[in-house]
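Trainee: Can we go through this one together? I'd like to begin with how the chains meet.

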Amino acid sequence: MQAAKRDIISQLQTDLLKLQGYKQTVRNTALDTGLGEIINAFPNATFPIGCVHEFLSATKEDKASTTGFIAGLLRALTDNNGAALWVSSSRTLFPPALKNFGINPERVVFVDVTKEQDILWVMDEALKCGALHAVVAEIRELSFMNSRRLQLAVEQSQVTGFVLRTDLHKISTTACVSRWRITSLPGEPLEDLPGVSFPKWNVELLRIRNGKPGSWNVTWKTNRFHVEPVVHRTHQPFIQQAG
Amino acid sequence: MARRFVSIWFRHLTTDWFTVRKPELKIIPFVLRAPARGRMLIVAANEVAEMKGIRTGMALADARAVIPELYALDDKPGLASDLLKRMADWAIRFTPTVALDPPNGLLFDATGCAHLWSGDEKYLTDIKQKFMARGYTVRVAMADTIGAAWAVARFGKDKLVIEEGQHIEALLSLPPQSLRIEPEIIQRLHKLGLHQIRQFINMPRSSLRRRFGPHFMMRLNMAIGQELEVLDPVHPVEPYQERLPSLEPIVTATGIEIALQHLLETLCLRLQKEEMGVRTAVFKAYRVDGKVEQVDIGTHRATYHVKHLFKLFALKLSSIEPALGIELFVLEASKVEEHNSQQSEMWKDAGGLEDPRLTELIDRIAGKVGHQTIHRYLPDEHYWPERSYKVTTSLDEKPLTAWRTDKLRPLQLLKEPERIEVTAPIPDYPPMLFRYKGKVHQIARADGPERIEQEWWLQTGQHRDYYLVEDEQGYRYWLFRLGHYHEKVYQWFIHGFFA
């Protein structure tokens, strides 16, 4: 009796996910993002593609680690042959460094526009284009209405969008499927070797629709993520910092 | 670009045609005859006959008196013009613009063609050999003007390729016949003792015009390049243009859209048939008050996709002001390129850079925010970080070298390196702490230095010693020292942020 009830509930949950726009496609399940146990935080334990993810970063240092994490995800999404579009107002990304994250920089099309409105327009158009695998946009703020528009754009095309927001004073509810915050952690030295070690980040999943938010420590090593559970939070919770 | 023209003179056009069909005629004197005013006249003579003094226009009986065994055939009326027309069609391989030059010549506009044969000389030799192979003897000359090329082909003594700007000198020693003028004028010139162009070319223009008439002046000016001569090509280059006049002046946006849709459909149908695609196109609206409103678009790859082109125009259609109404719409593809439909079919729905859908997206973005905003980056073989990549706007360009991965590079790079204050313990050691934007960063770990020298052939200045440092919070920076430590004129900079 108890088991049957649980079955019904899980069936209903998957049905609900479908209604909410989570499509279980072949590409979706086959996608290996290398995110390890973070994957359990997502609904159906699959990385949501065909949606818009939101990343927060206030400082230049945070922006570097956030773009690093996004680059790691892009590698999995574009899978050598795909193309991505990167739109920003003042591009600070250094293309040759993308190669260190397993992306061929020549397969990324960069669009540099000055107006915030144009960035949103370009992203909206790009998200509708099925030829792309991922679209990254660096913008200052994102209103609920605009995020809804982006979400509607991706639902047809199954392109994955990443929005990198830099102005943390205007955080509002958005229609994005998730909200992330990536910050740097001191690297762990390898067997007392001198010098700088592999990049290590504190990955906070602040919000995920139908999933379980959490916090992990992630190291980027040998072209993939290495996830370990977080022991204690090294950073203050984000909301307090912003307030 | 200097214009270049080629004149081809068929010396025995019709007799060569008979010789090709009857090779035995080649070695015997032979003429073509035609009846005129009750007697037989010679209308063409082959080379052997001409060597023996037979000229066109002689009576056949007179010629037979000179050469009793002279072989004569009936002339075919219209043969020469038919032959020329056929030759012109065939000669399209040498230049897109071929014009007839009756009665026995062709004219090429060879501007920008000769380099494909690696030089003017080789170009002319090839033309000559190709005609020889077909059995026609020709004289070919090349010059800056049609008149000069014509003159040199028929009367030139030694050189047949006249270099750029040399055509007037080449004309000086030629007889007045070479100017394509009426026989009476030629006679009058000879009567006055003017047997070479050099004798009258420097005479006052007004007296030349008074004595020899406007036609003579026009021909002279054409030969020396002071008057433009226009070729009438056998295959006119048809512009990719469609027109749509409207019965009543159009004022609504819907009306303009319908007109555009209609024009695009007809134009794209033609492009598809010819396997061409639009690169740039202009849509013009002629208003009732005489003003012309226009919008233009560009594409990154040639296309004849109506829906896509319509979308590109739709972004700009709002700038057309109909005012009192538009009476005529014109759509012109100002730049077209070959479009291989099979190839684009192959990439369809494949995703990635080759997918035509991406090109269409890029076109739309370029139409809205401008071409200059879209870039791709390719590796460049430079160590200097700012020069380690090159920018391209094309989607097709492939990297020629591999990206370097042996040295770590920061993911975020400052546009300009910024000054920082640094405490470093000993020369060439990484710094202990640095101050950037008022904040002190204690350095916990560091890698380096990586010395990058200036590329002296591009820029002079001091070298940079790069350090990858990590501060106590785990933030990682790319710092460098400009110049040697011991010279005491060094400076420290921050250049980037690692992930």
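Mentor: A definition to begin with: two residues are in contact if their C-beta atoms, placed from the backbone, lie within 7 Å. This is a predicted model, where local features need pLDDT of at least 70 and side-chain atom pairs count only at pLDDT 80 or more, while totals for chains, interfaces and linings use all residues. Residues are numbered from 1 along each chain as its sequence is written, and chains are lettered from A and ligands numbered from 1 in the order in which they are written.

Trainee: OK. How many residues does the contact take from chain B and from chain A?

Mentor: Chain B supplies 45 residues and chain A supplies 46 residues.

Trainee: And which element gives the most to the side of chain B that touches chain A?

Mentor: Helix H13 (356–369) of chain B is among the elements giving two or more residues, along with strands including S12 (374–379) and S17 (439–452). H13(B) gives the most, with 8 residues. Helices (H or I, at least four residues) and strands (E, at least two) are DSSP runs, numbered from the N terminus.

Trainee: How do the residues on that side of chain B divide?

Mentor: There are 24 nonpolar, 10 polar and 11 charged. Ala, Val, Leu, Ile, Met, Phe, Trp, Tyr, Cys and Pro count as nonpolar, Asp, Glu, Lys and Arg as charged, and the others, Gly among them, as polar.

Trainee: Which strand of chain A pairs with S12(B)?

Mentor: Strand S3 (residues 108–112) of chain A does, in the antiparallel sense over 2 bridges. Two strands pair if DSSP finds at least two bridges between them. A:Phe110 stands opposite B:His375 in S12(B).

Trainee: What order do the strands of that open sheet of 11 have?

Mentor: The order is S9(A)-S8(A)-S7(A)-S6(A)-S1(A)-S5(A)-S4(A)-S2(A)-S3(A)-S12(B)-S13(B), and the pairing is mixed. Strand S9 (224–229) of chain A and strand S13 (389–392) of chain B are at the edges with a single partner strand each, so one side of each has no neighbour in the sheet. The twist averages 30° from one strand to the next; angles run from 0 to 180 degrees between N-to-C directions, and axes are lines fitted to C-alpha atoms, for helices over the stretch in contact.

Trainee: In what sense do S2(A) and S3(A) pair, parallel or antiparallel?

Mentor: Parallel, over 5 bridges, with S2 covering residues 84–88 of chain A. A:Ser88 stands opposite A:Asp112 in S3(A).

Trainee: What lies across S2 and S3 of chain A?

Mentor: Helix H4 (residues 116–127) of chain A, which also lies across strand S4 (134–139) and strand S5 (160–165) and runs at about 170° to S4(A). Helix H5 (residues 144–157) of chain A packs on the sheet too, touching strand S1 (52–56) and S5 of chain A, at about 140° to S1(A).

Trainee: Switching to chain B: how do H1 and H4 pack there?

Mentor: Helix H1 (residues 13–21) and helix H4 (residues 79–90) of chain B pack at about 80°, with their axes 9 Å apart. That makes them roughly perpendicular, a label for angles of 65 to 115 degrees.

Trainee: Which residues meet in H1(B) and H4(B)?

Mentor: B:Leu13, B:Thr14 and B:Trp17 in H1(B) meet B:Leu79, B:Ala80 and B:Leu83 in H4(B). By class that contact has 5 nonpolar, 1 polar and no charged residues.

Note on methods. Parallel < 35°, antiparallel > 145°, perpendicular 65-115°, else oblique.
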